[in-house]
Amino acid sequence: MTDKQTTHFGFQEIPVQEKTTRVGEVFQRVAHKYDLMNDVMSLGLHRLWKRFATHLAPIAPGASVLDLAGGTGDLSALFAKKMRYQGRIILSDINPAMLAEGRNRFLNRGVTHPIEYVQANAEQLPFADNSMDLISIGFGLRNVTDKAQALREMARVCKVGGCIMVLEFSQPRLSTLQKCYDSYSFKAIPTLGEWIAKDRESYQYLVESIRKHPDQQALKTMILEAGFDACEVYNLAGGIVAIHKGYLY
Ligand SMILES: C[S@@+](CC[C@H](N)C(=O)[O-])C[C@H]1O[C@@H](n2cnc3c(N)ncnc32)[C@H](O)[C@@H]1O
């Protein structure tokens, strides 16, 4: 991390040491409505983005996969299906409420794949070096206080020959799209958060955090600086969302 003493929490500048707790409070509050809100806010599009990420994931039965900041486990569920329920899948998140929602969903659906649940901060991963074929982080990296450190940890844990996939909101490619997207996100999303999750503030943070996240090129540079040998970028929905795929050779 730089020697800066403050960092952003949405558009607020706060002491660095407070960010993880503040983000934790947001997800603790929204966990019970998280899946419903995702469907409503994205008009179901997040499901397509996650399916496309799974399509790009180079995994076969028997692979070892770490779904970081995995929340309620959408990506883990898709990976398990692609791996024909054979192999190791770890659903990891810093937040116990989000992990509990994910665990309940798997139990309620009767998924037989033995998913492992690990509560961990993406900045300090409790996993061995060179141990995972794929590490995903879906809509999670922008919430991490020290993103460069999290990417270095992913490079440490990823197998040589493996890859990481960062699925995250990014920078729309067209200015007209940016304008529509801004008015939808700043006006509609906090209001939907208030109606559905009874929590306007958390959804205001989520919208603001997207604007503070590095754009496609900046994130690609960070991934290469963290130790990856190559990085491909896929824009989805005109760049509203991007997938960065980082490779270790
Ligand atoms: C927007 S949710 C994404 C959940 C899931 N990956 C998905 O795509 O639906 C962001 C998740 O990041 C988690 N998170 C935030 N900071 C984290 C950190 N430092 N380490 C690990 N997980 C973190 C939150 O608890 C939350 O579950």
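1. The second largest pocket of this predicted model has a volume of about 360 Å³. A pocket is here an open set of points on a 1 Å grid over the protein atoms alone, with protein on both sides within 12 Å along at least five of seven lines; lining residues have an atom within 4 Å of a point. Grid points are joined across faces, edges and corners, and a volume is the space filled by probe spheres set on the points. Of the 16 lining residues, D74, A77, L78, R105 and R109 are the closest to the centre of this pocket.

2. The lining of the second largest pocket draws at least two residues from each of α2, α3, α4 and α5 (96-109). The largest share, 5 residues, belongs to α4. Helices (H or I, at least four residues) and strands (E, at least two) are DSSP runs, numbered from the N terminus. By class, this lining holds 6 nonpolar, 1 polar and 9 charged residues. Ala, Val, Leu, Ile, Met, Phe, Trp, Tyr, Cys and Pro count as nonpolar, Asp, Glu, Lys and Arg as charged, and the others, Gly among them, as polar.

3. The largest pocket has a volume of about 870 Å³. Its lining comprises 49 residues, with Y34, F139, R142, N143 and F169 nearest the centre. These 49 residues divide into 26 nonpolar, 17 polar and 6 charged.

4. The ligand sits in the largest pocket (more than half of its atoms lie within 2 Å of the grid points). Two or more residues of the shell around the ligand come from each of α1 (16-30) and α2 (34-41). Of the 20 residues around the ligand (a heavy atom within 4 Å), Y34, A69, D93, A122 and G138 come nearest. The shell contains 10 nonpolar, 8 polar and 2 charged residues.

5. Polar contacts (pairs of N or O atoms within 3.5 Å) involve several of these positions. A polar side-chain atom of D93 lies 2.6 Å from a ligand oxygen atom. A ligand nitrogen atom lies 2.9 Å from a polar side-chain atom of N121, and a backbone N or O atom of A122 lies 2.9 Å from a nitrogen atom of the ligand. The protein covers 97% of the 600 Å² of accessible area that the ligand has on its own (Shrake-Rupley method, 1.4 Å probe).

6. In this predicted model, local features need pLDDT of at least 70 and side-chain atom pairs count only at pLDDT 80 or more, whereas totals for chains, interfaces and linings use all residues. Residues are numbered from 1 along each chain as its sequence is written, and side-chain values use heavy atoms, with hydrogens and water left out.

How values were computed: A polar contact is a pair of N or O atoms within 3.5 Å; within protein, one must be able to donate a hydrogen and the other to accept it, and residues adjacent in sequence count only if both atoms are side-chain atoms. On a 1 Å grid over the protein atoms alone, a cavity is a set of points where a 1.4 Å probe fits but cannot get out, and a pocket is an open set with protein on both sides within 12 Å along at least five of seven lines; lining residues have an atom within 4 Å of a point.
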